Amino acid sequence: MTAKLSLEGVGKDFGGFTALDAIDLHVSAGEFLVLVGPSGCGKTTLLDLVGGLTRPTRGRLLLDGAPITGPGLDRGVVFQQYALFPWRTALGNVEFGLEAKRVPRRERRERAREFLALVDLTGFADRYPHELSGGMRQRVAIARSLAYDPEVLLMDEPFAALDAQTRETLQAELRRIWEQTGKTIVFITHGIEEAVFLGQRVAVMSARPGTIRTIVEVGLEARGADEDVRSREDFVEHRHRLWELLHQRREREAVLV
Amino acid sequence: MSSVAAPLPRTAARRASVPWFGGVAAIAAFLGLWEVLPRAGVVDRTWLVPFSEVMSAWWDLLTTGVLADHIRASMQRALAGFAIAVAISIPLGLLIGWYASVARTLNPLLEIFRNTAPLALLPVFVLILGIGETSKVAMVVYGCSWPILLNTVTAVREVDPLLVRSARSMGLGSVELFRKVVLPASVPTIFTGIRLAGQAAMLVLIAAEMVGANAGLGFLINSSQYNFAIPEMYAGIVTIAALGVAVNYALLFLERRFSRWRPSRPGMDT
């Protein structure tokens, strides 16, 4: 299968500091890939590169075989702090990307409503962000990014600021949305459980310089609608394996320091 | 979705309701003292005329049309100066704020100008522009410009960088970014500047009219004092107070209208 998104030998330096080095990553169309790593491993830098907000020092990034040269609506970014426009209602926020895409007004409105419904916020279209809970705001942000139909959805620790219960709900919602839309998703987190729960594959990163250490196939595909996946034996195994991978490295780094 | 709670209460509904009669009572008590103290001989009624006499003088000024002429003269100057200041300062502030290095360079200078009491410059304006309409309107323009300019610069500079990043990630160019993100994000702070400018306009104008004019509320107060028409003097002062409150509330109303998306903050009601 050809890759939707390819990173080939990507590196990024800031002054004399190497934030990322030798990143090779291929994400297939419709895949849900999770990047997990400790803070300071360059996860966000990597996301900025894919988002086109910064340019790589080395290597190249390809989307559908074409080099990424800047930001664009073929990639949608969901930020940890929602980044909603506070002067726009939930509906207005979802319409934002559609305006940038020059979708006509009537169709825009329709599409925005459709995507608010997808994230279960039908009754909240006219609410301003400050009138919504954290979980609801992140739903709006997800709807906004999905509405303009990007090729890849990039998510930068989107649930990290939420309480545990809301986070679990949104994780399940995201899985459902992914299954429903068939989007290619690159999801960044520092939570091992989140990585195992969400991802088909989990790329484990290490710091200094940030690079991909290994990629673990998770793929807890056959799951029932109301199944408690987190208590499944294979979930626990994967979680432990990832924990070891991250832990090993930490020990090794401790020796280096 | 089970975690979605019932709709949150609208912020306006949560605003603490202060009994309105408390405020009215305070004003009534003040006016009562104004009436009683001169009559009781606690203060000399030559200098502090009882409120009822002030109001009868005010009524005479109103019915003879004298007051309307003075108000018109003052408001024309205030509005002209205010409008010019808004037209100049907002675009200029947006420009300065948008270019970070320009803002850093100019900010100390702007702070000096803002903190120089406009009235200190009154003689300079009179020297250069004479004592006609031009100098008075120019004074108002000057007094109004700084709060608007500085608030606009601050507003643009304090736009949440995350919102800019988010908009950029959707491929917005500089012009679109400015129009769709920076401008709307700045509106509330700019409006605070406009409200401050409204107050400045009244203050500066009255002072300018006291220095040299043949019409206007400042002139009315000053000339009444010279002619020992003390009730008329107070009538002019009361009119200015009422106008000042009206202008402030009108601008506050506008400010609220344009900032509805903001969570209400304590201390906004001043």
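Begin by selecting helices H6 and H7 of chain B, where H6(B) passes H7(B) in a right-handed crossing (right-handed if the near helix is turned clockwise from the far one by less than a right angle, left-handed if anticlockwise). Helices here are DSSP runs of H or I with at least four residues, and strands are runs of E with at least two, numbered from the N terminus. The contact is made by B:Leu122, B:Phe125, B:Val126 and B:Leu129 on H6(B), and by B:Thr134, B:Ser135, B:Ala138 and B:Met139 on H7(B), two residues being in contact if their C-beta atoms, placed from the backbone, lie within 7 Å. Of these residues, six are nonpolar, two are polar and none is charged, where Ala, Val, Leu, Ile, Met, Phe, Trp, Tyr, Cys and Pro count as nonpolar, Asp, Glu, Lys and Arg as charged, and the others, Gly among them, as polar.

Before going further, note that this is a predicted model, in which local features need pLDDT of at least 70, side-chain atom pairs count only at pLDDT 80 or more, and totals for chains, interfaces and linings use all residues. Residues are numbered from 1 along each chain as its sequence is written, and chains are lettered from A and ligands numbered from 1 in the order in which they are written.

Now colour chain B by pLDDT, the predictor's confidence in each residue, from 0 to 100. The mean for chain B is 85, and 90% of its residues reach 70 or more. Helix H4 (residues 66–98) of chain B has the highest confidence in that chain, at a mean of 93, whereas helix H1 (residues 11–14) of chain B has the lowest, at 46. Select residues 1–14 of chain B, where pLDDT stays under 50 and the model has twelve contacts beyond four places in sequence, and then residues 266–270 of chain B, also under 50, with zero such contacts. Where pLDDT is low, the predicted coordinates should not be read in detail.

Zoom out to the whole of chain B, which holds eleven helices and zero strands.

Finally, move to chain A and select helix H1 (residues 43–51), which is largely enclosed by the rest of the structure because seven of its nine residues are buried (20 or more other C-beta atoms within 10 Å of the residue's own; exposed if 12 or fewer, partly exposed in between, with C-beta atoms placed from the backbone). Among the buried residues are A:Lys43 and A:Asp48. A:Gly52 follows H1(A), with a positive phi near 80°.
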